[in-house]
Amino acid sequence: GWAGWFARELVPHGPLHQGRWTIGPDAPCLARSPGRAPGPQWARLLADGHPEGYLGWIPSGSGQVVPLRPLPGPGDAEVTSYRAAARAGTLPPVLLWWISGLDAYVVLDGHDRLAAALAEAVEPPLLALHRAAAASESAAGSSVASLEREVINQAVGARQALARRYQGLSDRPAEPPAGPERTRAWPMPGGLAAWNRHAAGWTAAGPR
């Protein structure tokens with residue numbers, strides 16, 4: 001239910017753009033354990049020191065979690081109410097977004113909930129958002145369809161090329177599931193001046 005709610009809210013307010021996206025409880029890059037939630041010691045993956053936290057890529061990448069604003073203290077009013085939910089096992093999930101350029105997740109929504117989980121020393125429920133890589137089968141299917149059209153049109157060599165393509169597909173070993181696609185970005189309209197105005201208007205009352 002939470003995945004559906006976040007998906008609906010992300011359409012008008014989130015970073016989604018053209019392409020395939022997934023959102024779900026599996027964080028395929030977190031802790032380098034595809035399809036598995038992070039273990040009880042997941043808090044060690046939190047990149048501390050906002051706004052100048054350190055990310056280490058050696059020896060096998062970062063895979064850390066980066067808050068987009070300072071986490072509130074354990075006595076903050078919102079955190080206090082979420083701490084009760086954390087103890088009861090009803091804490092709403094923290095929404096993470098995979099950023100390939102950082103090789104890490106950022107906290108897109110749920111800073112207060114994350115702080116509550118830390119204060120209670122419990123593992124927070126997580127949902128991960130990332131761009132989904134195009135399925136390799138789609139590209140292969142397009143290639144076969146193109147060759148089949150050439151055979152119908154009696155193009156020279158098309159029948160032999162199609163036979164080789166079929167043979168190649170049958171000999172190809174099964175591929176592992178595709179991981180997250182690289183994150184994209186575009187220049188901000190108005191350039192640096194527009195960004196400075198936008199950043200100056202940002203306050204700590206961002207997503208909670």
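Val65 is buried, since its relative accessible area is 3% and anything under 20% counts as buried. Keep in mind as we go that this is a predicted model. Val65 belongs to strand 2, which covers residues 65-66. Now look for Trp98: 33 residues separate it from Val65 along the chain, and the C-alpha atoms of the two are 9.1 Å apart.

Let us step back and see the whole chain. It contains six helices and five strands, and reading along the sequence gives the order α-β-β-α-β-β-α-β-α-α-α. There are 208 residues, and 32% of them count as buried. The accessible surface amounts to about 12900 Å², with 58% of it belonging to carbon and sulfur atoms. How do contacts link parts of the chain that lie apart in sequence? Of the contacts between residues at least 6 apart in sequence, 66% join residues at least 24 apart.

Which strands does strand 5 pair with? One is strand 1 (residues 21-24), joined to strand 5 over four bridges in the antiparallel sense. Within strand 5, Arg131 is the residue that stands opposite Trp21. Strand 3 is another partner: it runs parallel to strand 5, and four bridges join the two. Here Trp97 has Leu129 of strand 5 as its bridge partner.

Trp97 and Leu129 turn up again when we look at the nonpolar residues inside the protein. The largest nonpolar core has 13 residues, and Val66, Leu95, Trp97, Leu108 and Leu129 have the most contacts inside it. At least two residues of this core come from each of helix 1 (2-13), strand 3 (94-99), strand 4 (104-109) and strand 5 (126-131). A second, separate core has ten residues, including Val65, Val107, Leu126 and Ala128.

Finally, which residues does Val66 touch? Leaving aside residues up to four places away in sequence, Val66 touches Ala47, Leu55, Ala104, Tyr105, Val106 and Val107.

Notes
Residues are numbered from 1 along each chain as its sequence is written. This is a predicted model: local features need pLDDT of at least 70, side-chain atom pairs count only at pLDDT 80 or more; totals for chains, interfaces and linings use all residues. Side-chain values use heavy atoms; hydrogens and water are left out. A nonpolar core is a set of buried Ala, Val, Leu, Ile, Met, Phe, Trp, Tyr and Cys residues joined through side-chain atoms within 4.5 Å. Buried means under 20% relative accessible area, exposed over 50%, partly exposed in between (1.4 Å probe, protein chains only). Contact means heavy atoms within 4.5 Å. Accessible areas come from the Shrake-Rupley method with a 1.4 Å probe; for residues, only the protein chains shown count as cover. Two strands pair if DSSP finds at least two bridges between them.
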